[in-house]
Amino acid sequence: MGRHYPLRLTSQYYICIHCKTHLAFKGHLISRDYTGRYGRAALIKKIENVIEMQSVTEEMLSGKYIVRRVHCCRCHANVGWKYVFAYKPSEKYKEGAYILELNVSSLIRDEIDASECIVQPPITFLSSSL
């Protein structure tokens, strides 16, 4: 089943540089001090609009992990991976988090279009008089 349309994020977010699909909200960033397969990378709590591939075991600089590659849901570019299982107890904090390759994604600030803003009338509270 799943979602049939890409989720649109607001504020500051990472996008796929190939097709501009929104990938991750900057507020979910854990750290930018990581190295991915293609260079600089970021550890992120949650990623949207991706397809997770099958689990594979990989030996990395910090230890052995079971990971799942993640691809952009629109253009299928490889944007990083998800840590499924860490063999070292000191690396367990990465489980469930994602590595987002920074050379295939870009951080941008959402410029809100005034026509998209919905102005809500102020809420009025009714008080009962005794």
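How many bridges join strand β1 (residues 12-16) to strand β2 (residues 22-25)? The answer is 3, and the two strands run antiparallel. This is a predicted model: local features need pLDDT of at least 70, side-chain atom pairs count only at pLDDT 80 or more, and totals for chains, interfaces and linings use all residues. Residues are numbered from 1 along each chain as its sequence is written, and side-chain values use heavy atoms, with hydrogens and water left out.

**Confidence**
- The average pLDDT (the predictor's confidence in each residue, from 0 to 100) is 80 for the protein. A score of at least 70 is reached by 75% of the residues.
- Strand β7 (residues 78-86) has the highest confidence, at a mean of 95. Strand β9 (residues 105-109) has the lowest, at 74.
- Residues 112-125 have pLDDT below 50. Beyond near neighbours in sequence, this stretch has 2 contacts in the model (contact means heavy atoms within 4.5 Å).
- Where pLDDT is low, predicted coordinates should not be read in detail.

- Strands here are DSSP runs (E, at least two residues), numbered from the N terminus. Two of them pair if DSSP finds at least two bridges between them.
- Tyr 13 has Phe 25 in β2 as its bridge partner.
- The hairpin of β1 and β2 has 5 residues between the strands. In the turn, Lys 20 has a positive phi of about 70 degrees.

**Aromatic pairs**
- The whole structure holds 3 aromatic pairs. Rings of Phe, Tyr and Trp (its six-membered ring) pair if their centres lie within 6.5 Å; planes under 30 degrees apart count as stacked, over 60 as edge-to-face and the rest as tilted.
- Phe 85 and Tyr 87 are edge-to-face because their planes stand at 90 degrees, with ring centres 5.0 Å apart.
- Phe 85 is partly exposed at 31% relative accessible area, and Tyr 87 is also partly exposed, at 41%. The cut-offs are under 20% for buried and over 50% for exposed, with partly exposed in between (1.4 Å probe, protein chains only).
- Lys 64 lies over the face of Tyr 87, 5.3 Å from the ring centre. That label requires NZ of Lys or CZ of Arg within 6 Å of the ring centre and within 35 degrees of the ring normal.
- One aromatic cluster is formed by Tyr 65, Trp 81 and Tyr 83.

**Val 50**
- Val 50 is found in strand β5 (residues 50-60). Its relative accessibility is 22%, so Val 50 counts as partly exposed.
- Leaving aside neighbours within four places in sequence, Val 50 contacts Leu 23, Val 70, His 71, Cys 73 and Val 79.
- Val 50 and Leu 23 are 27 residues apart along the chain, with C-alpha atoms separated by 7.3 Å.

Technical notes. Helix = DSSP H or I, 4+ residues; strand = E, 2+ residues; numbered from the N terminus.
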